[in-house]
Amino acid sequence: MVNVNEAFEKLSNGDDDVICREYELRPQAIASLIEEVAKKTKHHGYIIIGVSKTDEGYNINGISVRIDVENLVNMAMQQIIPQIKAEYLVQISSNKKICVICVEKFMGIQKMCIDSLWDVDKETVFRDVFNACIKLQKNITFSNVSEDQRNDFIRDILETAGYQVKDQTRQGKSASGKASGEIDILLHDKGKPISVVEALNLNGLETAYLDEHIDKVYKYDTSGNAFNFLVSYVKVKNFGEFWEKYVEHIKKYKYPYEIIETRENDSKEYQYTDIRHINTIHNRNGRETTLCHICVKIVE
């Protein structure tokens, strides 16, 4: 419940779990503020937009009536992870429009406290990686950027969700086999690897480039993780046609470890037309391992 009086009282007291901004129209920046407060507060904190901090306390500047602040905040809400709970209220204070966002304490992800890396909840990790891809797809900022910039966004979302994340970690062999390569994203628990997330930009079914990244997953996964991810950021006109060719290719590809079968997730939670996924199951030294392929259509 948003309590405006409490928010201003916290602001007056100088509490560190309340942030005010005179002017903020970027949903991504608002989302970052929400995540910051969620990590700082002991119970719940606030973000107040349309207010500035002063030496005497604060000043209510107000938000222009022409600005659809509700839409901006809703867009920001879509970019935060599901584990962060927040709600907002737009109201008139001192004859000026302001927006107050109440943010609950982020409790983290208890599932990552594990006894065995092979007991990690694969479905939960998949859901979190998949949701991170959804958030990236919604954000037009990433329509024309590099792989690294998109990877940074995915990494930040997962890290905020409570995962221990390393990016561009030098580990394993490079594509040439001569030196250590760089993992795009490594999920780990106290230094023990859980899953490799390798990602690439595709402007079509560029098989040689795709194959190179498939091989990278296994060069980087030196321990033999129960599951890894290959995420493709795809810019094509006919995504359905691309997906059919992609699936046909990965089924026939000669992986470093024998492919046993392909499996699709039938859950309605993941049935989208412009984000597709499929798992290839492999026999790695007598144990079953999974490579989860996720293809995300990047909208121009």
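Student: In this predicted model, is Tyr255 buried or exposed, and what is its relative accessibility?

Tutor: Burial is read from relative accessible area, with under 20% as the cut-off. Tyr255 has 9% relative accessibility and therefore counts as buried, and Tyr253, at 15%, counts as buried by that cut-off too.

Student: How many aromatic pairs are there, and how are the planes of the rings of Phe227 and Phe229 set?

Tutor: One looks at the distance between ring centres and then at the angle between planes, where over 60 degrees counts as edge-to-face. The count comes to 10 aromatic pairs. In Phe227 and Phe229 the ring centres lie 6.0 Å apart with the planes at 85°, so this pair is edge-to-face; Phe227 and Phe229 are both buried. The rings of Tyr253 and Tyr255 have their centres 5.2 Å apart and their planes at 85°, so they also make an edge-to-face pair.

Student: Which residues form one aromatic cluster?

Tutor: The cluster is formed by Phe239, Phe242, Trp243 and Tyr246.

Student: How should I read helix 5, and which of its residues are buried?

Tutor: An α-helix has 3.6 residues a turn, so residues three or four places apart point the same way. Helix 5 covers residues 147-160, and its 14 residues reach 20 Å from the first C-alpha to the last, close to the 20 Å expected at 1.5 Å a residue. Its buried residues are Glu147, Arg150, Asn151, Phe153, Ile154, Arg155, Ile157, Leu158 and Thr160. Just after helix 5 comes Gly162, which takes a positive phi of about 110°.

Student: How many disulfides does a search of the whole structure find?

Tutor: A disulfide requires two cysteine sulfur atoms within 2.5 Å, and the search of the whole structure finds 0. Cys133 is in no disulfide, the nearest cysteine sulfur being that of Cys292, 8.9 Å away. Cys133 counts as buried at 1% relative accessibility, and Cys99 is buried with a relative accessible area of 0%.

Conventions: Residues numbered from 1 in each chain as written. Predicted model: local features only at pLDDT ≥ 70, side-chain atom pairs only at ≥ 80, totals over all residues. Heavy atoms only, no water. Phe/Tyr/Trp six-rings, centres within 6.5 Å; stacked < 30°, edge-to-face > 60°. Buried < 20%, exposed > 50% of the residue type's maximum accessible area, 1.4 Å probe, protein only. Helix = DSSP H or I, 4+ residues; strand = E, 2+ residues; numbered from the N terminus. Expected span 1.5 Å × (residues − 1).
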